[in-house]
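Subject: Structure handover and notes

Dear colleague,

I am handing over the structure below, and my notes on it follow directly after. Please read them with the coordinates open beside you.

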Amino acid sequence: MALWARQVSRWCCLLQTTRAAEFPRRLRSCSSTAQACRGFAPLPLLPSRNDILPWRFQAYGHVSVGSCSPPDSAKDGSFSSPESNLPSPVKQEQAKAETLPDLNTKILCEDWDDIPPSSALEEISEEAAIQIIAEPLLPLQSSTLRDYVDHSETLAKLVHLGVDLSQVEKRQKAGQLLLTLDFEKDVRKILLFLKDVGVEDNQLGPFLTKNPYILAEDLEALETRVAYLKSKKFGKAEIAQMVSRAPYLLLFSVERLDNRLGFFKNELGLSVKKTKDLVIRLPRLLTGKLEPVKENLQVCQIELGFQRNEIQQIVFKTPKILTASKKRLKQTFDYLHNIMGIPHHMLTRFPQVFNSKLLRIKERHMFLTFLGRAQYDPAQPSYISLDQLVSLPDEVFCTEIAKASIQDFEKFLKTL
């Protein structure tokens, strides 16, 4: 397309997009120099794609159409000038330089001036490549929480708090739970609740290591369980001690806690006060299984021959006997009662002997027998209580009870 045809076509497009109503007036203001032009060559409605691209990259200001001299390419008569086809009213107007509307250059070129995004295939210098820091990929599957610490704010803060993730991931579905929690939304409120209950700052990490599931508990339900314990006359310090020593305690509903307290009160025949004292000293009685407790009570009564009132005293003084191994319990009783000759009432008086290692009891009893000092009857001289037998350190036991040196005791043990 000839140059003048392109100029007029662009002019028409601009006028259509700004003020179409002013088009006749602007035509009348065209120069009368178009009188020499004859004939009207039809103009294309839209410029071609090749003509659009250069125009859009250039912001046109003022364009003069004062001359109608044909371009060099049209001097041979193959193409007539577009001004020759203007209407007759236009010919009567004196030629003037027409100024096209000054469109906002920024708006016209807005899309073209944007810097295109860099491509992944674009070549970069070695210096720029060295400065690129690639983020570590989040593993889709892993057997350890350690791989997720750098990607999880919750895990990072729990580690800083003292939580042992290597122990947490051993608990069923605990690792998956922690990965779904938001620290600010889910974890912070539980930490503040535990601190309010009385769990010390240095105990929060070990507590959550043992019981990470509390982080998914409803806060209102936890507060209800604490309120229940307070209604049973447990003091704040006692509740804090129970929660710290039995981390799963607050996972139990009010109904289950009430049933557990009722079980120990009725099964052992204890008063309300003694039942409270029992669970305060061993709070895991409220969270552990009840079957081992029932079995140990039957062993004490049927196989070991203790009376009900004696069992009450033994359990109240030594609550751990309720969760001890049945085999170990029977072996210890057999040695104390059948070998050493300790009667039931003496065992009831010193039930802590059941918590001692059987080997320790055997070694010391045999050493006292070797020295001729194995006397466990309080009515006889040189009486040795069961408490002294099992609780004193070796040095004190030798010098004060056996009246021998620690070297003599070690030499005797080598002969066994």
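In these notes, buried means a relative accessible area under 20%, exposed means over 50%, and partly exposed is in between, with a 1.4 Å probe and protein chains only. The model is predicted, so local features need a pLDDT of at least 70 and side-chain atom pairs count only at pLDDT 80 or more, while totals for chains, interfaces and linings use all residues. Residues are numbered from 1 along each chain as its sequence is written, and side-chain values use heavy atoms, with hydrogens and water left out.

Confidence comes first. The pLDDT, which is the predictor's confidence in each residue on a scale from 0 to 100, averages 77 over the chain, and 67% of the residues score at least 70. Residues 1–5 stay under 50, and the model gives them 12 contacts (heavy atoms within 4.5 Å) beyond four places in sequence. The pLDDT is also below 50 over residues 18–101, a stretch that has 103 contacts in the model beyond near neighbours in sequence. Where pLDDT is low, the predicted coordinates should not be read in detail.

Next, the charged pairs. Counting as a salt bridge any side-chain nitrogen of Lys or Arg within 4 Å of a carboxyl oxygen of Asp or Glu, the structure holds 10 of them. One of these joins R364 and D394, whose side chains meet at 2.7 Å, N to O. This pair links distant parts of the chain, with R364 in helix 21 (residues 358–371) and D394 in helix 23 (residues 394–402), 30 residues apart; helices here are DSSP runs (H or I, at least four residues), and they are numbered from the N terminus.

K157 is partly exposed at 30% relative accessibility, and E153 is partly exposed with a relative accessible area of 43%.

A further salt bridge pairs K232 with D258, the closest N and O atoms being 3.8 Å apart. K232 lies in the loop between helix 13 (219–231) and helix 14 (236–245) and D258 lies in helix 15 (residues 254–268), so the pair ties together parts that are 26 residues apart in sequence. K232 is partly exposed, with a relative accessible area of 35%, and D258 likewise counts as partly exposed at 35%.

K233, found in the loop between helix 13 and helix 14, has a phi near 70°, a positive value in a residue other than glycine, and it is exposed at 64% relative accessibility. S382 has a positive phi as well, near 60°; S382 sits in the loop between helix 21 and helix 22 (386–391) and is exposed at 53%. Most residues other than glycine have a negative phi.

As for packing, the axes of helix 21 and helix 24 (residues 406–415) come within 11 Å and cross at roughly 105°, where axes are lines fitted to C-alpha atoms over the stretch in contact and angles run from 0 to 180 degrees between N-to-C directions. The two helices are therefore roughly perpendicular to each other, a term that covers angles of 65 to 115 degrees. On the helix 21 side, E363, R364, M366, F367 and F370 meet D408, F409, F412 and L413 of helix 24.

Elsewhere, F193 in helix 11 (residues 183–197) is buried at 7% relative accessibility. Leaving aside neighbours within four places in sequence, F193 is in contact with L219, L222, E223, V226 and L250. F193 and L219 are 26 residues apart in sequence and 8.0 Å apart in space, C-alpha to C-alpha.

Finally, the cysteines. A search of the whole structure finds 0 disulfides, a disulfide being a pair of cysteine sulfur atoms within 2.5 Å. C300 is buried with a relative accessible area of 6%, and C398 is buried at 0%.

Notes: Angles under 35 degrees count as roughly parallel, over 145 as roughly antiparallel, 65 to 115 as roughly perpendicular and the rest as oblique.
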